[in-house]
Amino acid sequence: MMSFVWNKGFSKVVATLLTALLAVTLGLSEANAQADTESEKGSLVIIGGANKSDNAELYNRMIELAGGKKNAIIGIFPTASASMSSSKAMKKDFEDYGVPGDQVRIIEITESNYEEKVNDEGVVSQISECTAFFFVGGDQARITKAFYNTDGSNTKALNAVWEVYQNGGMVAGTSAGAAIMSKTMIQNATSLEALQLGVTYDEQKPGLWVTKGLGFFDGGIVDQHFSKRGRIGRLVVALVQEKVDYGFGIDENSAMVVTGPEIQVIGESGMFLIDASKASLSKKGVYQDLDVSYLEKGDIYNYVTKKFTLEPSKTLIPKGKEYYEGNQLNTNIFGLDAAKLALLDDLADNTADKARGLAFTMEEKKDKGTGVSVVFSKSKATQGYYDADEYATSILHVNMEFTPIEVQVKEGNGGKK
């Protein structure tokens, strides 16, 4: 019979070996997950809408990912729009940035003709010749209605787009063309409407309409026009009620460039990242345990490893050295850039530990209404960053909570006792 003596020295050796084995196992799992993502060899450029013709960084990146000025063949889909004007404008922009005119082609799948086009072999051939695609803005439902058959299966046109993408092509889109990128697609409600009415699966009913996107991006739900239109609330509702862990809100004239598992932010504004993996919705309608980060130009997020890489010139804002001291209640937290300012000015570069905002609607001809309170709170993991000019530009890991409220207006006495 074999026997051994268990001693402290031996236990340390075993512990070390087990730790090493676990590290290797986790490393392999992470590598396998990353390899799975990279098996889709193409790239995505997801633009938050209102992209400007002078955004050279954006256009040059798209052209590069499409194969370069000499080799790129870019197919533009006008499907979301009610007219051809935005497609013609995009064609001109690509030409102005150096792509020959005969290599920028408008593939005329529209709301009026899609039934005869999306399974036509001639159209499929046009798509297959391309190295990249651009979906213009408008109504995202027009895109999904056109590119899926009535039974929910892929049309031949959609399969052709997927084939180009999986062989290294680029798929780009702006506004509605960004909304279709994720597997779950949302539209038709403001943040306050979504928080008060929840989700719906019927386009004709009130609430946040949730339906099927084209699914090129598998990292979570994408929303657009994000900061300008205050859409942080509606993305939270979609994530929690659909049980999706991560949401990406890209702002106007900005893009999330997805290559493999990495997302790089480029352009004028930035991207919100909402981690709802631990979020919950109470019986009282409180959305809690949400984690939000905000990234700007040059920042990178790996959606497989969940790691952030900040643009190299950015520096950590030292605790106690923040520029602002204290903040005020924001009474229009879903207003223009309000959530972004709350994160950057009221928290990242502020000694305050919390920032609070309200959004509400009043009942007609009455002095009362309903709404929501939004609280952003620093945690031990919160980190704010300055850019090279020492302006707050990025912040990671802020706690976020949404609570329903009732509002009542009372006339003051002008300070009189």
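These legends go with several close-up views of one predicted model.

Residues are numbered from 1 along each chain as its sequence is written. In this predicted model, local features need pLDDT of at least 70, side-chain atom pairs count only at pLDDT 80 or more, totals for chains, interfaces and linings use all residues, and side-chain values use heavy atoms, with hydrogens and water left out.

View 1. Helices (H or I, at least four residues) and strands (E, at least two) are DSSP runs, numbered from the N terminus. Of the 417 residues in the chain, 51% are buried. Buried means under 20% relative accessible area, exposed means over 50%, and partly exposed lies in between (1.4 Å probe, protein chains only). The accessible surface comes to about 20,700 Å², and carbon and sulfur atoms hold 50% of that. Such areas come from the Shrake-Rupley method with a 1.4 Å probe; for residues, only the protein chains shown count as cover. Contact means heavy atoms within 4.5 Å. Take the contacts between residues at least 6 apart in sequence: 73% of them join residues at least 24 apart.

**View 2. Helix H2 (residues 56-65) crosses helix H3 (residues 85-96).** Their axes come within 10 Å and cross at roughly 80°. That makes H2 roughly perpendicular to H3. The label covers angles of 65 to 115 degrees; under 35 counts as roughly parallel, over 145 as roughly antiparallel, and the rest as oblique. Axes are lines fitted to C-alpha atoms, for helices over the stretch in contact, and angles run from 0 to 180 degrees between N-to-C directions. From H2, Tyr 59, Met 62 and Ile 63 take part in the meeting. From H3, the partners are Met 90, Asp 93 and Phe 94.

**View 3. Helix H2 has a buried face.** Leu 58, Tyr 59, Met 62, Ile 63 and Leu 65 are buried in H2. Seen down the helix axis, these buried residues fall within an arc of 170°, so they line one face of H2. The arc is that of the directions from the helix axis to the C-beta atoms. An α-helix has 3.6 residues a turn, so residues three or four places apart point the same way. The buried residues of H2 pack against S1, H3, S4, strand S5 (170-174), S11 and strand S12 (262-267). After H2 comes Gly 67, with a positive phi near 120°.

**View 4. Asn 51 sits in the loop between strand S1 (43-47) and H2.** Asn 51 is buried, with a relative accessible area of 19%. Its side chain makes a polar contact of 2.7 Å with the side chain of Thr 174. A polar contact is a pair of N or O atoms within 3.5 Å; within protein, one must be able to donate a hydrogen and the other to accept it, and residues adjacent in sequence count only if both atoms are side-chain atoms. Leaving aside neighbours within four places in sequence, Asn 51 also touches residues including Leu 58, Phe 134 and Asn 253.

**View 5. Asn 253 and Ser 254 lie at a loop and a strand.** Asn 253 is in the loop between strand S10 (246-250) and S11. Its phi is near 55°, a positive value in a residue other than glycine. Asn 253 is buried, with a relative accessible area of 5%. Ser 254 belongs to strand S11 (residues 254-259). Ser 254 is buried too, at 1% relative accessibility. Beyond residues up to four places away in sequence, Ser 254 touches several others, including Ile 46, Gly 48, Ile 266 and Ser 269.

**View 6. Helix H5 (residues 121-128) holds buried residues.** They are Val 123, Val 124 and Ile 127. Seen down the axis of H5, they fall within an arc of 100°, so they line one face of the helix. Their cover includes strand S2 (74-77), helix H4 (114-117), strand S4 (132-135) and helix H7 (156-166). At the start of H5, a side-chain oxygen of Asp 120 reaches to within 2.9 Å of the backbone nitrogen of Gly 122.

**View 7. Val 210 lies in strand S8 (residues 208-212).** Val 210 is buried, at 6% relative accessibility. Val 210 and Glu 242 are 32 residues apart in sequence, yet 8.6 Å apart in space, C-alpha to C-alpha. The contacts of Val 210, leaving aside neighbours within four places in sequence, include Glu 242, Thr 184 and Tyr 201.
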